[in-house]
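Hi,

Here is the structure I said I'd pass on. Have a look at it first, and then read my notes below.

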Amino acid sequence: MLGIIQSTSRRSATLVHPALRINRPIKFHRIASATISKSVPTSPFLRPYAQAAVQLKPKLHSQTMTIPNGSAMSVDVHPTETYGNFDLVKRVKLDFTDCTIEKWKSRLTGLTVVHLDYEAPIVNGYFVVATEIFNDSGCPHTLEHLVFLGSKQYPYKGIIDHLANRGFSNGTNAWTDTDHTAYTVSTAGCDGFLQLLPIYVDHILYPTLSKAGFVTEVHHVDEKGEDSGVVYSEMQGRENTSGDLMGIRMQRLLNPKGSGYRSETGGLMEALRVLTIEQIREYHKTYYVPHNLSLIVTGPLTHGTPHLLSVLQSQIEPSILSSTSPSPYPYPPTPPFPRPFISTPSANRTPLKESVKQTIEFPEKDESVGEVIVSFMGCEPGMWVERKALDLLGSYLAGSATAPLNKEFVEVENPLCTYIYFGEDTRATLTDLPIYIGSVPTEHLEGFDERLKESLRKVVREGVDMERMGLVIRRDERQLRSKLESAKGDTFSGTVISDFLYGAEDGTELGPSMDEFRQYEELKKWSGEDWGRLLTRYYIDPPSITLIGKPSPTLADTLASNEKARIAAQRASLGPAGLEAKKKELEEAKKEHEKEIPRAVLEGFKVPDVKSIRWIGVGSWMEVGRGRERGGGGRRVGDEALGRHVGRDGEEVPFFVQYDHVQSDFVTIHAFFSLSSLPNRLRPYMSTYLSSFFSLPVNTSTGIKLSHEQVVDRLDDETVSYDVNLGVGTPSQFPETLRVSLKVERDKYEEAVAWLRDLVWGSEFDKERLQVTVAKIQQSLPELKRDGSTVLGSVTAGLLYDEKSTSRAGGVLTQMEFVPKIMKQLQETPEEVVREFEEIRKYVTDPSGIRFSVSGNVMGLEKPRSVWAKYFGKILPETRLTPVPLASDTLSAVGRNPVKKAIVVSLPTIESSFVMHTTKGIQGFGHPEYPALRVALEILNATESYLWRYIRGSGLAYGAYVSLDSEPGLLSFSLYRSSNAIQAFEEAKKVIKGLVDGSIELEETSLDAAKSSIVYNIAKAVSTSSRAALVSFTNQALKGVPQDYNTQLLEKFQAVTKADVLASLRKHFPPLFDSASSVAVVVTAPGKADEIGDDLTKVGFEVEKRTLEIDPDELMEDGEESGSESGSDDSEESR
């Protein structure tokens, strides 16, 4: 569903469409994310430095830090505790949340470990290497991929993921950022995690780094003379996007020559084509050393931190010490190891001397909107209060519809942009302060930066509104408390990583960096003048760098023709003999990867006991409504103690409410409204309805009229978060329901219920506000249709679903046609539009289709039930409860019988392919065949399993997976950023055929690993109190299955046999790769469209070709769809 969804569920949230990619620096994810050698001084990756990193000596004392608000944070400043080779560097007990942080360091190797101890079902690992490089070769990024191809002790491709899957995980992952590479794993419970840890560290420090691995995972030339490889395909899909083009130029302008911050750590395609495995090995030898590695572990361990240290001491340290020569291990190294970014020229970051403005063109046929980045230099990384102040200042300026900049630039009838986002990037010496501005009309690009700065000066002149600033601080504080309750590991992981990269080595900055509540208390004392001085100091007085991202239709054509010419020249240069040699090289590399992992090695990794997982308890009580009967009998069902608590509070209400109790300081209410009876002509309006939902005037139940600004400000002041969308989850389940959610502190429960009533029943569809919303959507469309995944989803929905589908109506392609119509209608006959929205409300608020959810500390609520009667008793009378609408009810004729049809879409902004093949699957949430099919999916999709090995392992795509959507009953095969979509499809088809006929063996160890992976996925889905409560509601109220259905499934999954999986594969998957029983959608670069279309025709599809080159002026005429053609001829594609 398209729309600028007004959700504040993330801290410092802005009004940004959820699919919109802000052009801030992006990590390179592996999945769709100490000693030093004697040769180090002469390594090409290190520079000669005059001063080495200082080794800090610990002092023997401790103290308690008292926070001004009266709470205390215990800090062992320089403790003397030891555990084997490890010394305790710092212990921090956070009193504002139940979490203790301990940092330890080995005396013999320099290896650092940080453990964040708190209660949760999931244990997370972030294993971080500081990766500095002074060129664009992409060595950090390529290593992030190659590390997983085997190690010294475990020289088998993918074994780390095979073992991780056995250990209640769903595989490993990694990302590469500008200044570090992080290797990650998450497990349900700690048993699998601690088994895997030594194996993972062996992969990081001692990977095989084979030539065969380089060929498939990084770069190769195939038999057609085209470049491929997993890393190459990834960068091919991003190098010429506006975000990457502007990002690398900004890095060059902000940082002086000789700085590692200037480098493209992902690797430019030109550099990747000439990179060698020898260069990567040399880089690894330089940076992948124990004293440049930090193991960050978050979550509970059975025996606490000593459990972790025991594994390090008994397994990891001996491995490191035995892997080096000479002995003893040379730590500290001689000469000293220059700490990346701190003791290198990268630290030479000085304030900008003058302002610079440049224009960057990016390939795009639609020239209507561009992008702007304005970047400043910030403060020192250790200035925590100043950095928190800058974060809050960004929220004050652009964090909601009533923020000063949004009121001027976004919330207007003709928006000058669709979002303004104030970012921060931690760097050595000084932070970076980029401001990202999206979807700027091209006629306003050139002078936007000056207009923005003048607006900032105006804020200072008129004075900072301290009432609003107080609101911003209080809200940020509430959101942090909420995040700490649900995701301590994710909340603190970035802070701990930054401390490893830039913090004091003695740990003295670790505690202060986390103590955000003390920072809030400090900032509450600031005056308006203080905030004005901060704004002036960082965003008004200093020079800046402005980059203007301008769309260029000619660049798209130039890039395509240049690439064709380059490939032709490469093909000619290689000649038949060279191409044959390249083919042989790839085949030999793939054959080397097929080296079988000994079964004994896999089985030696013990599958943990499910009892080791610490599940979150949920008490549930459902009341379907007075006068109604629940399916299976009874109006009320669930936890008796919770039922008695609810029952003491007044009479039963005549509508559906489910209460789910978990330990929490917060309460969340969800309202689900059926859209099944909504007339189809109104469904395209739902994007605008959702986008405007929280920013319309409201007539409250108490008779007070609130302006849209009052609504926004009061919601921000009284809630933790609010959200409106279709369905629940990502990807969305039950998209034919409208969901409204509000999360509040427990004592604001009644206010949340009142808000729900007022927002849904009392909103005023004001013409001016609707015009502002529609204008923002219209302006965001060009940016959205540049994304391959977004276009793929829209085209696929248009093929598989009919006009009864609300989510299809909200797709980018549908909205490209509809939005100009509603804009024209608002200008000419606004009263008709208002009537349409009033009609939408009439259908949405039909009492027969409404279900309410209350989750959180329900037992702590004095009046859990009567507040519902107070606000809804008069407007929701007794009536029957209609079934939950399902996506299966909205399938098109093609969706019900997917055969033969294929659509190939040319998209000039991408260079790789995004693909989805679809066939019929099983439908419903309790289908008896689901357990076997679910295990089959996990076997195929697992990292380093069948699809991974045959497709990603061959460099054919960045991602390949099969998926089942049980609600509509569709089974799909998808490719993400594929360099060769047809060959990838053929490889997947070969995998399924081989597994079915036995030519490819289905190993029992793969079956065990799949079952263990499913355990992790189930545990992850209920890993926080809010998630556990929502799953309880979704199971019972929406799916109609028992509350403990997920744990029941665990038993069914364990009972699935190899024969069951083979039977499921044989029945359900071959139709997915047969044109007679499937359909396909491909979104690809224009230069690949004809070839892909021809290849699909050869395998039996009836191909329709489309091109996405729609000009907004054309849309305004009569809203006709872009032209298309059917058949397989080579005639020119029409617009």
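**Helix pairs and a bent helix**

The axes of helix α32 (residues 930-941) and helix α37 (residues 1045-1055) cross at roughly 75 degrees and come within 9 Å. Keep in mind that this is a predicted model. An angle from 65 to 115 degrees counts as roughly perpendicular, so α32 and α37 are roughly perpendicular to each other. On the α32 side, Y930, P931, R934 and V935 make the contacts, and they meet L1049, K1052 and F1053 of α37.

Another pair to look at is α14 (residues 466-486) with α17 (residues 516-523): their axes cross at roughly 170 degrees and come within 11 Å. That makes the two helices roughly antiparallel. Among the α14 residues that meet α17 are I473, L480 and L484, and the α17 residues in these contacts include F517, Y520 and L523.

Then there's α19 (residues 553-593). A straight helix of its 41 residues would reach 60 Å, but the end C-alpha atoms of α19 are only 42 Å apart. Where is the kink in α19? Look at G575, shortly before the proline P576: the chain kinks there by about 100 degrees. G575 is also one of the buried residues of α19, along with others including I567, G578 and L586. What covers them includes α4 (211-217), α5 (230-236) and β14 (356-363).

One last thing: an unreviewed UniProt entry annotates residues 576-603 as a "coiled-coil region". In the model, that stretch is 82% helix and 0% strand, with its end C-alpha atoms 46 Å apart.

Cheers

Technical notes
Residues are numbered from 1 along each chain as its sequence is written. This is a predicted model: local features need pLDDT of at least 70, side-chain atom pairs count only at pLDDT 80 or more; totals for chains, interfaces and linings use all residues. Side-chain values use heavy atoms; hydrogens and water are left out. UniProt positions are given in the numbering used here, feature names are shortened, and annotations may be inferred rather than shown by experiment. Helices (H or I, at least four residues) and strands (E, at least two) are DSSP runs, numbered from the N terminus. The expected span of a helix is 1.5 Å times one less than its number of residues. The bend at a residue is the angle between axes fitted to the seven residues ending there and the seven starting there. Buried means under 20% relative accessible area, exposed over 50%, partly exposed in between (1.4 Å probe, protein chains only). Contact means heavy atoms within 4.5 Å. Axes are lines fitted to C-alpha atoms, for helices over the stretch in contact, and angles run from 0 to 180 degrees between N-to-C directions. Angles under 35 degrees count as roughly parallel, over 145 as roughly antiparallel, 65 to 115 as roughly perpendicular and the rest as oblique.
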